[in-house]
Amino acid sequence: MSNARYPCSVHGCQATTSRFSVWICTRHWRLCCPPRSPQRRTYLRFFRETKRLGLAGKDRWPAALERRFWRFWDGLVRRAARIEREGGLVVAEIHKMFGWDE
């Protein structure tokens with residue numbers, strides 16, 4: 001068993017994991033792929049398609065599907081990096097908007 005640590009796919013993020021070699025940390029995932037967003041629906045569609053093809057949980061996907069997925073993934077990583085550069089989601093500001101600050 002390897003003790004390797006893999007960094008978040010967003011350049012400059014310090015988060016690491018030992019489980020996946022390519023991943024986006026929770027913070028960046030929430031920024032670039034919020035629930036019910038078009039990005040989240042597209043991400044989930046890839047896995048519905050593999051399930052339909054009988055490939056759910058398999059390491060290898062058809063080449064065309066795998067190319068589409070990695071192109072989409074690269075877009076997600078770029079989107080997360082752009083949101084991070086532009087200041088990201090400022091939770092304190094949202095709390096002030098709704099009067100939840102203390």
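How much space lies in the largest pocket? In this predicted model, where residues are numbered from 1 along each chain as its sequence is written, local features need pLDDT of at least 70, side-chain atom pairs count only at pLDDT 80 or more, and totals for chains, interfaces and linings use all residues. Side-chain values use heavy atoms, with hydrogens and water left out.

The largest pocket contains about 590 Å³ of space. A pocket is defined on a 1 Å grid over the protein atoms alone, as an open set of points where a 1.4 Å probe fits, with protein on both sides within 12 Å along at least five of seven lines. Grid points are joined across faces, edges and corners, and the volume is the space filled by probe spheres set on the points. The lining comprises 22 residues, of which Val22, Tyr43, Phe47, Phe69 and Trp70 are the closest to the centre of the pocket; a lining residue has an atom within 4 Å of a point. At least two lining residues come from each of helix H1 (26-32), helix H2 (38-52) and helix H3 (63-85), helices being DSSP runs (H or I, at least four residues) numbered from the N terminus. H3 provides the largest share, four residues. By class, 14 lining residues are nonpolar, four are polar and four are charged. In this scheme Ala, Val, Leu, Ile, Met, Phe, Trp, Tyr, Cys and Pro are nonpolar, Asp, Glu, Lys and Arg are charged, and the others, Gly among them, are polar.

The structure holds four salt bridges, each a side-chain nitrogen of Lys or Arg within 4 Å of a carboxyl oxygen of Asp or Glu. One of them joins Glu49 and Arg68, with the closest N and O atoms 3.4 Å apart. Because Glu49 belongs to helix H2 and Arg68 to helix H3, this pair ties together parts that are 19 residues apart in sequence. Arg68 is partly exposed, at 33% relative accessibility (buried means under 20% relative accessible area, exposed over 50%, partly exposed in between, with a 1.4 Å probe and protein chains only). Glu66 pairs with Arg60 at 3.6 Å between the closest N and O atoms; Glu66 is partly exposed at 21%, whereas Arg60 is exposed at 58%.

Disulfides (pairs of cysteine sulfur atoms within 2.5 Å) number zero in the structure. The closest cysteine sulfur to that of Cys8 is in Cys25, 3.7 Å away and therefore too far for a bond. Cys8 is buried, at 6% relative accessibility.
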